[in-house]
Amino acid sequence: MLSIEQVRQGGVTIIRVSGDVDEEGVKELRIALVNCLRDNAYNVVVNLSGMKFISYMGVGVLVERLRQFRSYNGDMKLVGLNLYTQRLFRMTGVTNLFETFETESQASQEMQKAA
């Protein structure tokens with residue numbers, strides 16, 4: 001089961017993901033990120049520290065939305081990747097697409113510097 005919490009901090013939207021981004025979770029993650037686009041929130045930090053599993057489709061959703069945020073001069077930064085997710089990112093060749101951070105505050109600060 002997936003749980004997604006969304007918080008606005010200044011000009012940055014933080015999305016906290018807990019649980020599994022499996023077939024059903026992919027839909028929920030996609031909706032949360034599309035809602036950011038709908039709300040003109042193009043600077044997003046996705047906290048994956050509570051995530052246990054992500055499917056290839058979940059990685060695809062992150063890449064797809066990253067490109068959309070960047071097309072609006074925004075960005076997406078990731079926080080709290082576990083070893084499984086790091087390996088999956090390496091295997092799928094997306095490691096270089098994302099900036100990753102240990103904490104939400106580090107990612108938010110970096111996002112605000114760039115803005």
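Student: Which residues of helix α1 are buried?

Tutor: The buried residues of α1 are Gly 25, Val 26, Leu 29, Ala 32, Leu 33, Cys 36 and Leu 37. Down the axis of α1 these buried residues fall within an arc of 150 degrees, so they line one face of the helix. Keep in mind that this is a predicted model.

Student: Why do residues three or four places apart in an α-helix point the same way?

Tutor: An α-helix has 3.6 residues a turn, so residues at that spacing point the same way. In α1, the buried list includes Leu 29, Ala 32 and Leu 33. On the other side of the helix, Glu 23, Ile 31 and Arg 38 are exposed.

Student: What do the buried residues of α1 pack against?

Tutor: They pack against the strands β1 (2–9), β2 (12–21), β3 (43–54) and β4 (75–79), and against helix α2 (56–71).

Student: How many residues does α1 have, and what span is expected for it?

Tutor: Helix α1 covers residues 23–38, which is 16 residues. From its first C-alpha to its last it reaches 23 Å, close to the 22 Å expected at 1.5 Å a residue. Just after α1, Asn 40 takes a positive phi of about 60 degrees.

Student: Now a single residue in a strand. Is Ile 4 buried, exposed or partly exposed?

Tutor: Ile 4 lies in strand β1. Its relative accessibility is 26%, so Ile 4 counts as partly exposed. Leaving out residues up to four places away in sequence, Ile 4 touches Ile 15, Arg 16, Glu 28, Leu 29 and Ala 32. Leu 29 and Ala 32 are among the buried residues of α1. Distance along the chain is another matter: Ile 4 and Ser 18 are 14 residues apart, and their C-alpha atoms are separated by 6.4 Å.

Student: Is Asp 75 buried or exposed, and what polar contact does its side chain make?

Tutor: Asp 75, in strand β4, has a relative accessible area of 14%, so it is buried. Its side chain makes a polar contact of 3.0 Å with the side chain of Lys 77. Beyond four places in sequence, the residues touched by Asp 75 include Tyr 42, Leu 66, Phe 69, Glu 99 and Met 111. Met 111 is one of the buried residues of α4.

Student: How many aromatic pairs does a search of the whole structure find?

Tutor: The search finds three. In one of them, Tyr 42 and Tyr 72, the ring centres are 4.5 Å apart and the planes lie at 5 degrees, so the pair is stacked. Tyr 42 is in the loop between α1 and β3, whereas Tyr 72 is in the loop between α2 and β4, 30 residues apart. At 19% relative accessibility Tyr 42 counts as buried, while Tyr 72, at 47%, counts as partly exposed.

Student: Where do the planes of Phe 89 and Phe 98 stand, and what kind of pair is it?

Tutor: Their planes are at 40 degrees and their ring centres 5.6 Å apart, so the pair is tilted. Both Phe 89 and Phe 98 are buried.

Technical notes: Residues are numbered from 1 along each chain as its sequence is written. This is a predicted model: local features need pLDDT of at least 70, side-chain atom pairs count only at pLDDT 80 or more; totals for chains, interfaces and linings use all residues. Side-chain values use heavy atoms; hydrogens and water are left out. Helices (H or I, at least four residues) and strands (E, at least two) are DSSP runs, numbered from the N terminus. The expected span of a helix is 1.5 Å times one less than its number of residues. Buried means under 20% relative accessible area, exposed over 50%, partly exposed in between (1.4 Å probe, protein chains only). The arc is that of the directions from the helix axis to the C-beta atoms. Contact means heavy atoms within 4.5 Å. A polar contact is a pair of N or O atoms within 3.5 Å; within protein, one must be able to donate a hydrogen and the other to accept it, and residues adjacent in sequence count only if both atoms are side-chain atoms. Rings of Phe, Tyr and Trp (its six-membered ring) pair if their centres lie within 6.5 Å; planes under 30 degrees apart count as stacked, over 60 as edge-to-face and the rest as tilted.
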